[in-house]
Amino acid sequence: MIELFGYLLSGVTVGFIYTLVGLGFTVIYNSSGIINFSQGEFVMAGGMSTVFLLHAGLPLGISFVLSIMITSMIGIVLYKLISFSKDSSPISLIILTLGFAIFLRGLAQVIFDKQLHTMPSFVGEGAFEIFDTTLSYQALLIMIVASAIVVALYVFFKKTKTGQAMVAASNNVDAAKLMGINIQKILILNFAISAVIASIGGILLTPMTSTNYEVGIMLGLKGFCAAIIGGLGNPFGAVAGGLVLGILESLVAGYISSEYKDAVAFIVLLLILFFMPGGIFGNLKSQRV
Amino acid sequence: MLKRFTLKALVLLFISSFVFLNANDTIKIGAIVAATGPASFLGDPELKTLQHYVAKINKNGGVNGQMIELVHYDTGGSPKKAVTFVKRLINQDKVVAIIGPSTSGETMAIMKFVKKAKIPMISMAGAVAIINPVKKYVFKIVATDRMACQRIMQDLKKRNLTNLALISGSGGFGKSMRKQCKEVAPDYGIKIVADETYGKKDSDMTTQLLKIKNNKKVQVVLNPGFGQGPAIVTKNYAQLKIKHPFYQSHGVASKKFIEIAGHASEGVRLVAPPVVVADKLANSVANKKIALAYKNEYEKAFNSQVASFGGHAYDSLYIITEAIKRAGSTNPSKIRDEIEKTQGFEGVDGIVNLSATDHLGLNTKTGMVLLEIKNGDWTIVK
């Protein structure tokens, strides 16, 4: 039993990391209906820029704020690119985000470097001991912050006018325009929010796992899985998806073999896409083909 | 149309005239390195080292009175590109010897081309398969992961630890070393009692370590892996307060590892190429002087901490230039023969003794040093 508890706790820790990345997918999908594959790179940009600002001698708080600002600027640049694109079909825009991801990775290699980097944990290196296993302070912080972001997003999308406008923009662009919603503004805000969430994720993750220019690839992929499993568009979906994924991986590693751990993520993804295309919390938009 | 054609022809002529002019009075040595891309941590220091030392050799009058010309291509770690570039080096650039590639996959992909062209090549990659079985034109100077395993097992035997748990990264490095360690373990009377893996980009390895912790048979743990994985494993290991001795591979033999794993790395043992601890080597170690000189020169020239990989490039370059000196000729076959006769070469990676049956020439005694991390620094374990 104690064993199971340990595996679950590890799964939940990893699950919240996936959630943090998955949330970014959710936000952009919610307003623009596209899937932003440079989400993982936003996470990388947040972590890397914080590390390098700290290295430059800036205090912790200012580094955080600056790196969040830098990352949100990157998000806005991506939006600008998308809005310039002549072909606005979702497929070509998704490919554009993929290209942007590769560009960001390259840029990070040139501006920063190819080394691994870390920074001291801002809540201390220690860990709580629970039964036979441990939960590090940093992991707990990730859980708390991820949950807070989820609640904030939920309130934002459901209760605020801007949030509602975003949802409206994603449901029907033309109707939203006719209702007097400034689509441009809404989308810019959206990409910026998504980048901010990603950079917070990057900052929280770095003390735990360290970061380098290509850390975003796998994070982006797992975050994407989490968002899809939970149901794109719903912040709670990202949490559910992340936790399902993290816990499953941990249980498979614990009880079957760690060799099959990564395969699980993708098998679950396939099963969900086959049988519950909307995800656990999903309300899939019906579309005539 | 015609005008454009003439222009192109002129440009071509212009360029080729340079090529032909240069062809006679320089010795062309080719290099295939992964200077960018995922393996750039290897290729970048390798290329820097090659460029630095070729310039140095030329400044001191070259080899046999001829200047060295380094023709290098960046594969980005791709075997496909390595194949393109090796053909270009052989057919267009007409190099007399090739240094590289940086990775095992690329090396395996281009071996048949150097064999066909009869050009000697010194690979800077790790896999045993490159030199076992021996191929006439292929050499390598990098200690194999098999040697790293052997060095660790020697220490385990000395400490009477027989039940080993492996937790390996699933990348190429971790996979290969895991296989080698499993193969050599019986030679030292060591049993593998747990065999876990993790994805190279995983963010938490607590589950695998819990399994090892709860396995009553385990006496010692070894983590073959590269990059951020081993640092996370080390942190989780310390968090879970696992009491068994903990070993890491040469994949983490850089100060970066201590920096990232932090306090958790205290007491961890690992194997490393001598250059990493050049300044701490006993004076009796034969290659101390050269390793230290290389380390200091690299750190001064590039203002960054030495990476053990650059040393491979240094050794390859000097083994080739020494061979050319001895051969007194730039005939690739003669150079190959002389490379094979290399004896007692004092390299950054160790003392190299090549022969017709051994195209690696390093042994665990000089090629690998056993270290323990104490107070955030390396200490050599006797």
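Trainee: Which residues is Leu58(A) in contact with, leaving aside its neighbours within four places in sequence?

Mentor: Two residues are in contact if their C-beta atoms, placed from the backbone, lie within 7 Å. In this predicted model, and leaving aside neighbours within four places in sequence, Leu58(A) is in contact with Leu53(A) and Ser63(A). As for numbering, residues are counted from 1 along each chain as its sequence is written, while chains are lettered from A and ligands numbered from 1 in the order in which they are written. Because the model is predicted, local features need pLDDT of at least 70 and side-chain atom pairs count only at pLDDT 80 or more, whereas totals for chains, interfaces and linings use all residues.

Trainee: Where is the place of Leu58(A), and is Leu58(A) buried, exposed or partly exposed?

Mentor: Helices (H or I, at least four residues) and strands (E, at least two) are DSSP runs, numbered from the N terminus, and Leu58(A) sits in the loop between α2 (39-55) and α3 (60-84) of chain A. A residue is buried if 20 or more other C-beta atoms lie within 10 Å of its own, exposed if 12 or fewer, and partly exposed in between; Leu58(A), with 16 such atoms within 10 Å, is partly exposed.

Trainee: How many helices and strands does chain A have, and what share of its residues is buried?

Mentor: Chain A has eleven helices and two strands, and 52% of its 289 residues are buried. Along its principal axes, the C-alpha trace of chain A spans about 60 × 50 × 35 Å.

Trainee: How many residues of chain A are in contact with chain B?

Mentor: There are 29 residues of chain A in contact with 28 residues of chain B. On the side of chain A that touches chain B, the largest share, seven residues, comes from α1(A).

Trainee: Which residues have the most contacts inside the largest nonpolar core?

Mentor: A nonpolar core is a set of buried Ala, Val, Leu, Ile, Met, Phe, Trp, Tyr and Cys residues joined through C-beta atoms within 7 Å. The largest one has 120 residues, and those with the most contacts inside it are Ile29(B), Ile98(B) and Ile320(B). Helix α11 (residues 308-327) of chain B gives the largest share of this core, ten residues. Domain bounds come from an automatic or database domain assignment, and because domain 1 (2-143 + 291-364) and domain 2 (146-272) of chain B both give residues to this core, it lies between them.
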